[in-house]
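Dear colleague,

Please find below the structure that I am handing over to you, together with its sequence. My findings follow directly after it.

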Amino acid sequence: MSLSDPQFGLIARRTRAIACGLSVAAAVALAGCTSGFQPMHASLGPGPALSDKMKAVKVAAIPGRVGQRIRNELIFQTTGDGQERGAAQYRLDVAISERVTSTLVDRQGDSVNRVYSLDATFRLVDLNTQQVALTGSSFGRSTFQRTDSIYANVRAQRDAQNRAAETVSTDLKARLEAFLATRA
């Protein structure tokens, strides 16, 4: 069969017709898919924007330096300016647990590398009904090295704590946004 063969032209037209039909069918099928999805930060409906919903979440105090760091990050991320707003509709309660694990040991038996582990469980309480609206857990892991300097060890562990706290607060914010985006 060659390009000049009339049968080749017929096959090419049929192939184009089938491809065009499949394209139309796919476009019709995909048109229905977009109605179920919407961007979280877009205000498509008459209700309040997600940023306003996030401002209605009061973050309860979390004990410890790392807990305070998580709370401060959440307040800043949810309000945009670090100031909590007045009328809260939800309260976020967070409990954390911390541990440090040695991973590498040198020839003398001293720990060289450590992993700081931060585990957080949370619950979002609707203040109008006092019912738990959302629960979950999150975690952050961060490594740091030990040296001969005591100050460097303290600073390295504190930096690892800050990195893990930022990871947890970012995750909690994303979970809150996903939950509140579906609420009216």
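In this predicted model, R114 stands opposite F144, a residue of β4. The strands β3 and β4 run antiparallel and are joined by 14 bridges.

Both strands belong to an open sheet of 4 strands, arranged in the order β1-β2-β3-β4 with mixed pairing. β1 and β4 each have a single partner strand and stand at the edges, so one side of each is left without a neighbour in the sheet. From one strand to the next, the twist averages 25 degrees.

Two helices deserve attention here. α3 packs on the sheet and touches β1, β2 and β3, and its direction makes about 130 degrees with that of β2. α4 lies across β1, β2, β3 and β4, and runs at about 150 degrees to β4.

Next comes the interior. In soluble globular proteins, nonpolar side chains tend to be buried together. Here the largest nonpolar core has 28 residues, and I70, L92, L118 and L124 are those with the most contacts inside it. Among the elements that give two or more residues to this core are α3 (65-79), β2 (90-105) and β3 (111-126). The largest share, 9 residues, comes from α4. Beyond its neighbours within four places in sequence, I70 is in contact with several residues, including I62, I96, L118 and L172.

Leaving aside neighbours within four places in sequence, N153 is in contact with Q145, R146 and T147.

With kind regards

Notes. Residues numbered from 1 in each chain as written. Predicted model: local features only at pLDDT ≥ 70, side-chain atom pairs only at ≥ 80, totals over all residues. Heavy atoms only, no water. Core = buried A, V, L, I, M, F, W, Y, C linked by side-chain atoms within 4.5 Å. Buried < 20%, exposed > 50% of the residue type's maximum accessible area, 1.4 Å probe, protein only. Contact = heavy atoms within 4.5 Å. Pairing = 2+ DSSP bridges. Axes fitted to C-alpha atoms, helices over the stretch in contact; angles between N-to-C directions.
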